[in-house]
Structure formats: C-alpha cells, structure tokens
Amino acid sequence: MASLIPYSTYDRALRRFPFDMFDELLSSPLVSTGDGAFKMDVEDAGTSYIVTAELPGVGKDEIDVELNEGRLSISVDKRETEEHKSKNFLHKEIHEWSASRGVYLKDASTSGLTAKLDGGILTVTVPKQDEKVNVTKVSID
C-alpha cells in the first residue's frame, strides 16, 4: 500500500511528461525565450511623447530612429567589430543581434524631433501637433 501513488499526482505527472523537458530547456539562462526585442516605454508628456528604450552596449551609429506617418520605429543592428572577430574566445555570450520596435503616435509632428543616447538609454522626444479632422461628411442625394 505504501508504494501506491495517489491518482491525481500520477495523472498530473503523465500529462506534463513530455513538456517538462522543454520547460527545463527553455528556463536555461543560455536560451532566450523572448523575441530579442529591447524594452521600451512611451510616455504622454502633454505637448509631446517621450519614448525611452533600453539599449545597453549599443552605439548611436547602430541605431536607426524613423517617424513615418505617425509610426515611430526604432531599429538596432548590433554587429561585431573587426577587433572582436580576430580574438580567440573560449567562451562568448556577447553576440550580434538586431531588433526593431515601433509605436503608433496618431498626432506626432515630424518637426522638432530629438533623440539622445546616454548611458545605454535612448530617449526620443516627439512633439505633438494639433489633431486634424480627417473626416469629410458626404451628403446623400
């Protein structure tokens, strides 16, 4: 009797069996379960939007910021330098990567945009414009 396993525990163990291995694999610190995107905050500061992105170890020449019809896109293309390629690494966790994030800002103005990279934090200030009414009323004959 002591060797009997309660049904609920046995049933739970059987249902999770093949998935336990995948959970252990994905919880490994060497495997990223995310989509590789960087963290980004968007703040409505009244007369402008302030977009902040965490980009540690990225230089300003590796970042592309673009505003196109109200969509602000931040793209990063982090590449290995020639100096690093010539080294003989025994263990290497810093790697090449690229990511892109975007946000739609309906009343964003294309003039007066500013971007600043300081300490791995990119701050983009997007001024707002007066919202235009894009609706045209059509009378029915």
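**In which sense do strand S3 and strand S4 pair, and over how many bridges?** Strand S3 (residues 63–68) and strand S4 (residues 71–78) pair in the antiparallel sense, over six bridges. The model is predicted, and local features need pLDDT of at least 70, side-chain atom pairs count only at pLDDT 80 or more, and totals for chains, interfaces and linings use all residues. Residues are numbered from 1 along each chain as its sequence is written, and side-chain values use heavy atoms, with hydrogens and water left out.

**View 1. The hairpin of S3 and S4.** Strands here are DSSP runs (E, at least two residues), numbered from the N terminus, and two strands pair if DSSP finds at least two bridges between them. Aspartate 64 has serine 75 of S4 as its bridge partner. Leucine 67 stands opposite leucine 72, which is also in S4. Two residues lie between the strands of this hairpin, and glutamate 69 takes a positive phi near 50°.

**View 2. The open sheet S3-S4-S5.** Three strands form this sheet in the order S3-S4-S5, with antiparallel pairing. S3 and strand S5 (97–104) stand at the edges with a single partner strand each, so one side of each is left without a neighbour in the sheet. From one strand to the next the twist averages 10°; for such angles, axes are lines fitted to C-alpha atoms, and the angles run from 0 to 180 degrees between N-to-C directions. Strands of a sheet pair through backbone hydrogen bonds, either parallel or antiparallel.

**View 3. The salt bridge of aspartate 44 and lysine 128.** A salt bridge is a side-chain nitrogen of Lys or Arg within 4 Å of a carboxyl oxygen of Asp or Glu, and by this rule the count comes to three. In the pair of aspartate 44 and lysine 128, the closest N and O atoms are 2.5 Å apart. Aspartate 44 lies in strand S1 (residues 40–44) and lysine 128 in the segment after strand S7 (121–127), so the pair ties together parts that are 84 residues apart in sequence. Lysine 128 is partly exposed, with a relative accessible area of 23% (buried means under 20%, exposed over 50%, partly exposed in between, with a 1.4 Å probe and protein chains only).

View 4. Glutamate 62 lies in the loop between strand S2 (48–54) and S3, and lysine 78 in strand S4, so the pair ties together parts that are 16 residues apart in sequence. Glutamate 62 is buried, at 18% relative accessible area. Arginine 79 is partly exposed at 43%, and aspartate 77 is partly exposed at 37%.

**View 5. Aspartate 107 in the loop between S5 and strand S6 (114–118).** This residue is buried yet has no salt bridge; lysine 128, the nearest side chain of opposite charge, is 4.7 Å away. Lys and Arg count as positive and Asp and Glu as negative, while His and the chain ends are not counted. Leaving aside neighbours within four places in sequence, aspartate 107 is in contact with Tyr49, Pro127, Lys128 and Gln129 (contact means heavy atoms within 4.5 Å).

**View 6. Threonine 52 in strand S2.** Threonine 52 is partly exposed, at 25% relative accessibility. Its C-alpha atom is separated by 6.8 Å from that of isoleucine 121, 69 residues apart along the chain.

How values were computed
Helices (H or I, at least four residues) and strands (E, at least two) are DSSP runs, numbered from the N terminus.
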